[in-house]
Amino acid sequence: ATMFSAVTRAASHYNLARALHSLGFVHLAAHRYRAALRVDGRACLFLEHHRHRLDTSNNITPSPSVAAAIEQEREIKRSAAHNLAMIFRASSARDSVWHLRHRHLRL
């Protein structure tokens with residue numbers, strides 16, 4: 001597996017969810033949006049490169065490619081959370097909407 005496999009998995013789940021959502025298979029789309037939210041590649045990506053990216057104060061900073069992958073994963077997860085919140089809102093699941101917004105969509 002490559003270091004970007006987590007981002008690829010999250011993007012795959014998200015893209016499949018969007019397709020299912022657009023076709024009206026909301027329950028299946030919700031499952032895939034949740035799967036995209038569960039993918040956690042940031043820690044793996046970060047730790048894989050931490051030895052090579054130490055700044056002057058010995059704080060760990062990601063390389064530019066790793067930082068870009070982390071941001072891409074965040075954007076996929078924000079989009080998945082937003083779309084899943086819209087599904088929950090349409091079904092009047094207000095507690096689920098609040099939870100998604102609190103966990104994934106805070107500024």
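Is Tyr14 buried or exposed, and what is its relative accessible area? Tyr14 is buried, with a relative accessible area of 16%; buried means under 20% relative accessible area, exposed over 50%, and partly exposed in between (1.4 Å probe, protein chains only).

The structure described here is a predicted model, in which local features need pLDDT of at least 70, side-chain atom pairs count only at pLDDT 80 or more, and totals for chains, interfaces and linings use all residues. Residues are numbered from 1 along each chain as its sequence is written, and side-chain values use heavy atoms, with hydrogens and water left out.

**Overall architecture**

The protein contains five helices and zero strands, so that its elements run α-α-α-α-α from the N terminus on. Helices (H or I, at least four residues) and strands (E, at least two) are DSSP runs, numbered from the N terminus. Of the 107 residues in the protein, 33% are buried. Among contacts (heavy atoms within 4.5 Å) between residues at least 6 apart in sequence, 58% join residues at least 24 apart.

**The aromatic pair**

One aromatic pair is present in the structure. Tyr14 and Tyr33 form this pair, which is tilted, at 6.0 Å centre to centre and 50° between the planes. Rings of Phe, Tyr and Trp (its six-membered ring) pair if their centres lie within 6.5 Å; planes under 30 degrees apart count as stacked, over 60 as edge-to-face and the rest as tilted. Because Tyr14 lies in helix H1 (residues 5-22) and Tyr33 in helix H2 (residues 26-38), the pair ties together parts that are 19 residues apart in sequence.

| Residue | Relative accessibility |
|---|---|
| Tyr14 | 16% |
| Tyr33 | 0% |
| Ala11 | 18% |

**Helix H1 against helix H4**

The axes of H1 and helix H4 (residues 64-90) come within 10 Å and cross at roughly 25°. Axes are lines fitted to C-alpha atoms, for helices over the stretch in contact, and angles run from 0 to 180 degrees between N-to-C directions. H1 and H4 are therefore roughly parallel to each other, given that angles under 35 degrees count as roughly parallel, over 145 as roughly antiparallel, 65 to 115 as roughly perpendicular and the rest as oblique.

On the H1 side, the contact includes Ala11 and Tyr14, and on the H4 side Gln72 and Ile76 are among the residues involved. Ala11 lies in helix H1. The C-alpha atoms of Ala11 and Gln72 are separated by 9.0 Å, although these residues are 61 apart along the chain.
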